[in-house]
Structure formats: structure tokens, C-alpha cells
Amino acid sequence: MKSLLLSACLSLTLAPAAMAQTTAGSGVVPATVGNSAERAIGFAPNAPAGAALVIVMTDAALPPLDGIALGAAERTAITAAIAAASFDGKAGTTLSLRGIGAYPRILLVGAGAAPSSLALAEAGGKAAQELKSDAQPVAIAGAFGDVSAADVAYGFALGQYRFDRYKTVDKKAPPTGAVTFVGANPSGAETAFANRWKPLVEGVRLSRDLANEPANVIYPESFVARVRETLAGTPGVSIEVLDEAAMRKLGMGTLVGVGQGSPRGSRLLLIRYRGAGSPDAPTAFVGKGITFDSGGLSLKPGAGMGNMKGDMSGAASVMGAVVSLAKSRAPVHVVGVAALAENMPDGNAQRPGDVTRTMSGKTIEMVNADAEGRLVLADANEYVAKAYRPKAIVNIATLTGAVVGALDNSYAGLFARDEALAARLIAAGTASGEELWRLPLHKDYAERMKSDIADIRNSATGQGPGASLGAHFIGFFVDEATPWAHLDIAGVNRSEKATSLVPKGMTGFGVRLLDQLARSGE
């Protein structure tokens with residue numbers, strides 16, 4: 001009798017919603033509206049006339065500058081200004097000069113001694129931020145070769161990102177004068193930029209755009225369409241999409257259940273990219289894609305709820321990483337997964353206390369409708385494990401407020417059962433500038449998540465380590481033999497102020513990190 005009652009409960013949970021599919025919503029600006037134009041990036045042996053000049057510095061000494069018209073008098077004036085300002089070229093420092101030679105402005109940007117690729121990129125991003133109001137073209141030079149020039153160009157491209165497509169009143173178009181990287185080997189720098197960094201910039205931009213878009217523009221179906229459009233015609237890419245009917249047939253009750261309070265149907269999007277010479281078994285990146293999170297029947301407070309349009313940042317960054325890897329033709333094999341649903345509180349929404357079943361048959365007592373990200377990841381993890389047999393699974397999600405309390409916006413939380421995978425993730429975070437801090441997965445957390453009527457609860461009662469408990473829940477749906485890690489990016493997916501590489505708003509956190517991880521091999 002108990003099994004029959006449970007089956008009845010599960011069937012009610014999986015009942016179809018009123019599936020009148022909406023489009024983008026009423027009064028929405030067409031999706032063809034784009035952000036304002038950015039500065040085109042080019043490479044040349046000489047600086048264009050009338051350009052503002054940026055000099056990337058590694059110390060206080062003015063470097064030789066091939067292709068830059070600076071006579072002895074101008075160099076003497078710059079050197080004197082450096083001494084007067086005690087400018088030392090440390091990373092993140094700047095010195096702005098005017099009235100020297102033919103350049104309307106000379107901006108010195110510090111990269112630090114023996115700068116890494118990341119430090120050079122940050123210098124480029126700093127230049128983009130400092131020059132965002134300067135109308136004239138820009139020339140950038142320094143003591144760097146073609147590879148380093150590409151690093152600086154990459155940073156400039158990230159730093160000039162903006163999301164302003166819906167502004168119409170008193171909109172001020174930003175300067176669009178081209179930026180030229182000046183050096184002795186412009187073709188080498190241009191090739192290095194085009195092959196490695198330009199695709200990564202495109203992936204980061206996709207992630208930021210998806211997360212910045214309002215929820216009446218980006219919802220599960222339109223998310224899929226946007227990614228399809230971005231990857232159209234890219235070699236080595238295959239796309240699989242499961243709609244609600246397909247997921248119900250497979251028994252994926254948790255992913256469908258989260259979205260059943262919304263008229264916009266849930267989706268599971270899987271993008272496989274297999275580069276030349278890559279291994280047979282892929283690495284799976286699985287992202288939480290809640291395109292809007294009201295909290296469901298466990299309704300969130302109204303203050304700040306609008307930011308929940310970005311609760312699909314994990315899925316957006318997974319797609320951005322796949323775009324980067326595929327468009328750069330990296331020799332890797334990855335499957336990017338977006339578990340997409342809209343969590344809304346209508347009469348067909350899941351109720352706290354409902355029991356749902358995942359694809360594998362595991363049961364969940366859903367005690368908190370606002371702990372929904374872990375539910376969509378449960379089915380997504382089980383599906384990708386069965387269908388693609390990955391060698392490792394990495395989840396990425398805006399999962400908990402608890403991780404914000406622990407790490408603020410300085411790190412994303414890392415949880416891992418596999419030491420080698422954890423070490424690779426930490427190294428990838430350091431190299432990419434998207435840093436991680438490892439948090440615990442303790443055996444006692446299993447006891448806190450036990451259910452009296454199902455295999456597991458989706459939330460614990462009372463006080464506790466919420467980020468770790470959420471991670472434990474997700475790991476419950478990944479076989480112990482599979483290397484697995486989870487990244488909680490709730491504190492880093494959005495920024496209140498711009499930094500050198502990251503704009504105000506949605507950050508695209510995770511694209512650079514996952515791209516670096518995939519390229520790092522075993």
C-alpha cells in the first residue's frame with residue numbers, strides 16, 4: 001500500500017502544467033536589439049595618428065616602444081612625470097598625462113614585474129575602463145612580444161563589455177574609436193589573439209548577456225535558441241535538447257517538477273564538443289539554469305528578487321565555456337549541460353512536502369521550493385552520466401546564500417570528492433583569475449539531509465552549513481566512482497562595481513575557469 005501511495009504522489013507531482021507556451025512576453029524589445037558598439041581591436045607596426053597612447057609598464061622605467069613616435073624631449077617629459085608621481089608600474093596602478101607630444105593623452109598602466117598572462121590581461125582591462133569616455137582612437141604599446149600583446153588585447157576586450165541594449169532615454173553612445181596594439185610582429189599577435197582569446201571573449205560575453213537579460217526575454221526555450229544561434233555551423237559540435245514530454249518519459253521528475261508552476265516549459269540542453277585528438281570520454285560541465293527564481297511557493301522576499309533573473313548564471317557560463325572551446329577548436333572533449341526551468345508559484349507549482357523522483361528512481365522530499373537548483377541538477381547529473389559516460393562531472397550553480405556569508409564575493413565555493421579534480425580546479429581558478437576556496441563535504445551532512453519518507457530531503461531544518469549541505473545533496477546523485485566537484489558561485493556571479501576584467505552586473509564567472517580546466521588535461 002505504501003508503494004501505491006508513493007506512486008500516486010509522484011504521478012501528481014509530474015502532472016503536466018497548463019502548457020500554453022509564451023513567447024518573449026508582451027512589450028519586450030526584440031531580441032535583435034544589441035548592445036552599443038565597442039572599440040574594434042587591431043594590430044599594427046605603428047600607432048595611428050591622433051590616438052591616445054597607452055603604455056603598459058612593468059616598473060618605473062619607460063620601455064623601448066617600437067612604432068611609437070616619441071622623441072627625446074617627450075621621453076624626458078614622461079620620465080620626469082613618472083618620478084614626480086612616484087609611479088612604479090605595480091599591477092593596477094595608472095598615471096594619466098596630457099600635453100606631451102602629438103598624443104592627446106598618454107596613459108601609463110602598471111602590470112607589475114615579470115607579469116603573468118593574467119596580469120597583462122588585467123592591465124588591458126584597466127586601460128579599457130580608464131578610456132571608456134575618451135572619444136579618440138587608442139594605441140597600446142609596451143615591452144611585450146606578440147603573445148603578451150594578445151594577452152593585453154584579451155583583457156581590453158573583456159574590460160570594455162557593456163549591457164545597454166534596453167536604454168533609450170538620454171542614451172550616450174560610448175566611444176568607438178579603434179584600439180590598435182602596436183608592435184614589431186603584429187601578425188603574430190593578431191594570430192595569437194584570434195586563436196586563443198577572441199573565442200574566450202565571445203564565450204564570456206554570451207554568459208554575461210544571457211544572465212543580464214530580463215526573464216521575459218530569456219527563459220528555457222529562448223535560452224536554447226540563443227545558444228543554438230551562437231554555435232550554428234561550429235565544427236565538432238552536436239546539440240541535444242529534451243523538452244518536458246521527453247523528460248517525463250524518462251522519469252525526470254525533479255527537473256520538470258521545478259518548472260511546473262510556470263507556463264514556460266523546462267528544458268535540458270546538452271552541447272557536446274569533441275576536438276581533434278581528444279579523449280573518448282568527455283568531461284561534463286553541468287550548470288543550474290533557473291531563468292527566474294521567485295522561490296516558488298516558498299516565495300522569496302520582494303527586495304532583490306529582480307536579480308533572480310541571473311539564477312541561470314551557472315548554465316550560462318557552462319555554455320560560454322563550450323563556445324570558447326569549440327570556436328577555438330581546442331583539442332578537448334566536453335559536454336556542456338544546462339538544466340533550465342523557471343521557478344514560479346502558480347496553482348500547479350510543487351508544494352513543500354511533495355515527493356519527487358529522479359531519472360534513476362531516487363526519491364526526494366521537497367521541503368523547500370526555494371532550494372530548487374539542486375533539484376534540476378539531480379536529474380541533469382543522472383542523465384549526462386548515463387547518456388555520455390563522462391570521466392568527470394563539474395557542477396556550477398548560484399546555489400546558496402550561505403556561500404556568500406562564508407566567502408563574500410572574493411571566491412566561489414569549491415566542493416569535491418576527488419582530490420586530483422579539486423587540485424586542477426584550484427589551479428585553473430588561479431590561472432584564469434576566477435578563484436576558488438575549498439569548503440568541506442563531511443559524512444555527517446548525510447544525516448542532516450535524511451528524510452523520514454523519501455531517500456533524501458532537499459533542505460535541512462534549523463541552522464547548519466547551508467552551502468555544504470546543498471553540495472552534499474547534489475553529490476548524492478553522482479556515482480561515487482565518478483570524479484565530481486561542485487562550484488557554488490552565488491557570491492561571484494554578480495558585481496556591484498566594475499573591475500578591470502569584470503563589469504558591473506552579471507560577471508560571467510566560470511567561463512574562464514572551465515575553459516582553463518578543460519585545456520589543462522589530466
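Colleague: Why are helix 4 and helix 5 called roughly parallel to each other?

Modeller: This is a predicted model. In it, helix 4 (residues 146-159) and helix 5 (residues 186-212) pack at an angle of about 20°. Angles under 35 degrees count as roughly parallel, and the two helices are therefore given that description. Their axes are 8 Å apart, and the crossing is right-handed.

Colleague: Which residues of helix 4 meet helix 5?

Modeller: Among them are Asp-146, Ala-149, Tyr-154 and Leu-158 in helix 4. On the helix 5 side, the residues include Ala-192, Phe-193, Trp-197 and Arg-208. By class, this contact has 13 nonpolar, one polar and four charged residues.

Colleague: What span should the 15 residues of helix 9 have, and how far apart are its end C-alpha atoms?

Modeller: At 1.5 Å a residue, helix 9 (residues 313-327) should span 21 Å. Its end C-alpha atoms are 21 Å apart, so the two values agree. After helix 9 comes Arg-329, which has a positive phi, near 55°.

Colleague: What makes helix 9 mostly covered?

Modeller: The count of buried residues: 14 of its 15.

Colleague: Why is Val-322 called buried?

Modeller: Val-322 lies in helix 9. Buried means under 20% relative accessible area. Val-322 has 0%, so it is buried.

Colleague: Which residues is Val-322 in contact with, leaving aside its neighbours within four places in sequence?

Modeller: Those residues are Ile-271, Tyr-273, Val-334 and Gly-336. As for Ala-518, it is 196 residues from Val-322 along the chain, and their C-alpha atoms are separated by 9.6 Å.

Definitions and conventions: Residues numbered from 1 in each chain as written. Predicted model: local features only at pLDDT ≥ 70, side-chain atom pairs only at ≥ 80, totals over all residues. Heavy atoms only, no water. Axes fitted to C-alpha atoms, helices over the stretch in contact; angles between N-to-C directions. Helix = DSSP H or I, 4+ residues; strand = E, 2+ residues; numbered from the N terminus. Parallel < 35°, antiparallel > 145°, perpendicular 65-115°, else oblique. Left-handed = near helix turned anticlockwise from the far one by under 90°. Contact = heavy atoms within 4.5 Å. Nonpolar A, V, L, I, M, F, W, Y, C, P; charged D, E, K, R; others polar. Expected span 1.5 Å × (residues − 1). Buried < 20%, exposed > 50% of the residue type's maximum accessible area, 1.4 Å probe, protein only.
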